[in-house]
Amino acid sequence: MKVSGKVHKYGDNVDTDVIIPARYLNTADHKELASHCMEDIDTEFVNKVRDGDIMVAKSNFGCGSSREHAPIAIKASGISCVIAKTFARIFYRNSINIGLPIIECPEAAEGIQDGDNVEIDFDTGIITDKTTGKTYQGNPFPEFIKNIINKNGLLNSLKG
Amino acid sequence: MGMTMTQKVLAAHAGQECVKAGDLIMARLDMVLGNDITSPVAINEFDKAGFSGVFDKTKISMVMDHFAPNKDIKAATQCKQCRDFCNKYDVLNFYDVGDMGVEHALLPEKGLVKPGDCVIGADSHTCTYGALGAFSTGVGSTDMAAGMATGKAWFKVPAALKFNITGSLNKYVSGKDVILHIIGMIGVDGALYKSMEFMGDGLKNLTMEDRLCMANMAIEAGAKNGIFAVDDVTLEYVKERVTDEFTYYTADDDAEYEAVYDINLSDIKPTVSFPHLPENAKTFDEIGDVNIDQVVIGSCTNGRIEDMRAAAEILKGKKVAKGVRCIVIPATQKVYLQSMEEGLLKIFIDAGCAVSTPTCGPCLGGHMGILAKGERAVATTNRNFVGRMGHPESEVYLASPYVAAASAVTGKISQPSEIM
């Protein structure tokens, strides 16, 4: 499976409070959450994001609160994959559990720039920056996580 | 090869003799927790998956604390959804306005978590219960839904960092200063995916409140969990609270640690974490005049009785500075009542503080003390991210109840020795 889109790039320690501020957590509605995604660090994100776009960030992406609303807001805003140097562990787990693909790849997180067009092959873990022509090798998911993603989330995978 | 405390708890709950860092395991859960923000997402998933019941009605806790007492119609609707779910499935540990408290202060107080337990909670500060010698970690709502249905969760067994604690704390220094110092030292991702294991002969000089506060903020170093060796202080704390039997675990002598840090409590000074990351820890020789608009004393980090006593010790007979709003929030009904009986609430109110019923409220910028653009707060809470307590251009400074109370009196970030 492949996805491709335009990159929205951020820095280190992007926390879940800026991904979706707590003042909007009085709802679990995916579209409403998406309408405030990244609001406190990038007010333009919701206007410029298109279906299939890719988010790239540096270290410790998604640190802070366990709110699943954060990966939900990112996924519902149309983002098809998040690439970072490292992810905070609860965010990593939540993303897999709701079926938002995320890949740790320090080289890609460093090399890819805002606005680049990027393609990701989930089967091989290969990330291609079509703007610069560079490729990067991300870690493909282990089998049990592939199973969760293929079944579109943990609960679907539990149903067998 | 030997196992750490965390690894032993996980091995026991996975039914395995031995686990090592990196192993993927399926573990049995002793408690599954959610609050009024994370539970509705879990309930939606639970219903969508078509589960017909919960795995054990005594091993699920739902606490209405974040936007409760309901701050608006949407918050009220979310609490109602939790209430209806708990009624439908006869979930016994449902805590609503009137008997609720901030979840991570409430569960240990009620004896719902115990040494050696394996606990997940849809709240990142679930790591608090490591103070009791439990493996306890924050997860998302989907994990909570699966946990409520199956009583199990998958984990990757974490590698460990060891914190060897020696010495004893100086006056007006608390567990909060210790953990802010540690996060300042290793960074907000210094313990990423790992467990933080606290042991050593200085542990006996840390109260249960100190330990709960320190374990609470393990997540702010990126840790999967924090865990304290069980000792007489732990056993004394659980004796009057926990009725079930429990087994606790000690680390093997040959357990493997990725790093060992020696922390001498006697060296720790009052510490403040500057915006916008908990790792921006400074001591007072690095802090100039920083004027403030608000002080918040409370939360799952520092809303326990010892924290209330610390704040009252500083505020007794003094007044909150003109132009500063000081909000005190005892974390549970029991702490609230005890604060009243001990005369602490009178001290707070005489000093000009607002005292509130338990709620997470301002800590996450929900309600009960939101900051305007450009305002600054000293808070005993756990996060100082951009916009955490209100406007994206407001600022939160993390500190102990001693420092927060002293700052309320002077109107700028201050240590207790400046006014005592």
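Analyst: Buried area is the accessible area, taken with a 1.4 Å probe, that two parts lose on being put together, summed over both. The model discussed here is a predicted one.

User: How much area do chain B and chain A bury between them?

Analyst: The size of an interface is often given as the accessible area lost when the parts come together. Here 58% of that area lies on carbon and sulfur atoms. The total buried between chain B and chain A is about 3,500 Å².

User: Which residues of chain B lose the most area to chain A?

Analyst: The contact takes 39 residues from chain A and 50 residues from chain B. Three residues of chain B together account for 18% of what that side buries. They are Thr142(B), Trp154(B) and Tyr193(B).

User: What radius of gyration does chain A have?

Analyst: Chain A holds 8 helices and 7 strands, and its C-alpha trace spans about 45 × 40 × 25 Å along the principal axes. For 160 residues, a compact globule would have a radius of gyration near 15 Å. The value for chain A agrees with this, at 15 Å.

User: What percentage of the residues in chain A is buried?

Analyst: A residue counts as buried when its relative accessible area is under 20%. The accessible surface of chain A comes to about 5,900 Å², and 47% of that surface belongs to carbon and sulfur atoms. Of the 160 residues in chain A, the buried ones make up 61%.

User: Which strands lie at the edges of the open sheet in chain A?

Analyst: The sheet has 7 strands in the order 4-3-2-1-5-6-7, with mixed pairing.

User: Which residue of strand 7 in chain A stands opposite Ile126(A)?

Analyst: Strands of a sheet pair through backbone hydrogen bonds, either parallel or antiparallel. In chain A, strand 6 (residues 126–129) and strand 7 run antiparallel and are joined by 3 bridges. Opposite Ile126(A) stands Gln137(A).

User: What is the radius of gyration of chain B?

Analyst: Chain B contains 13 helices and 18 strands. The globule rule gives 22 Å for 420 residues, and the value for chain B is close to this, so chain B is as compact as a globular protein of that length. Its C-alpha atoms fill a box of roughly 60 × 50 × 40 Å along the principal axes. The radius of gyration of chain B is 20 Å.

User: Of the contacts in chain B between residues at least 6 apart in sequence, what percentage joins residues at least 24 apart?

Analyst: Two residues are in contact when heavy atoms lie within 4.5 Å. Among the 420 residues of chain B, 65% count as buried. The share of such contacts that joins residues at least 24 apart in sequence is 77%.

User: Which residues of strand 14 in chain B point the opposite way from Gln294(B) and Val296(B)?

Analyst: In a regular strand the side chains alternate between the two faces of the sheet. Strand 14 of chain B covers residues 294–297, and Gln294(B) and Val296(B) point one way. All four residues are buried, and those pointing the other way are Val295(B) and Ile297(B).

User: How many residues of helix 13 in chain B are buried?

Analyst: Helix 13 of chain B covers residues 401–410 and is mostly covered. Among the elements that cover its buried residues are strand 14, strand 15 and strand 17 of chain B. Pro401(B) and Val409(B) are among the buried residues. The count of buried residues is 9 of 10.

User: Is Ser136(B) buried or exposed?

Analyst: Ser136(B) lies in strand 6 (residues 135–138) of chain B. Beyond its neighbours within four places in sequence, its contacts include Val119(B), Tyr129(B) and Lys224(B). Because its relative accessible area is 0%, Ser136(B) is buried.

Notes: Residues numbered from 1 in each chain as written. Chains lettered and ligands numbered in written order. Predicted model: local features only at pLDDT ≥ 70, side-chain atom pairs only at ≥ 80, totals over all residues. Heavy atoms only, no water. Pairing = 2+ DSSP bridges. Helix = DSSP H or I, 4+ residues; strand = E, 2+ residues; numbered from the N terminus. Rg over C-alpha atoms; globule rule 2.2 N^0.38 Å. Buried < 20%, exposed > 50% of the residue type's maximum accessible area, 1.4 Å probe, protein only. Areas by Shrake-Rupley, 256 points an atom, 1.4 Å probe, with all protein chains shown as cover.
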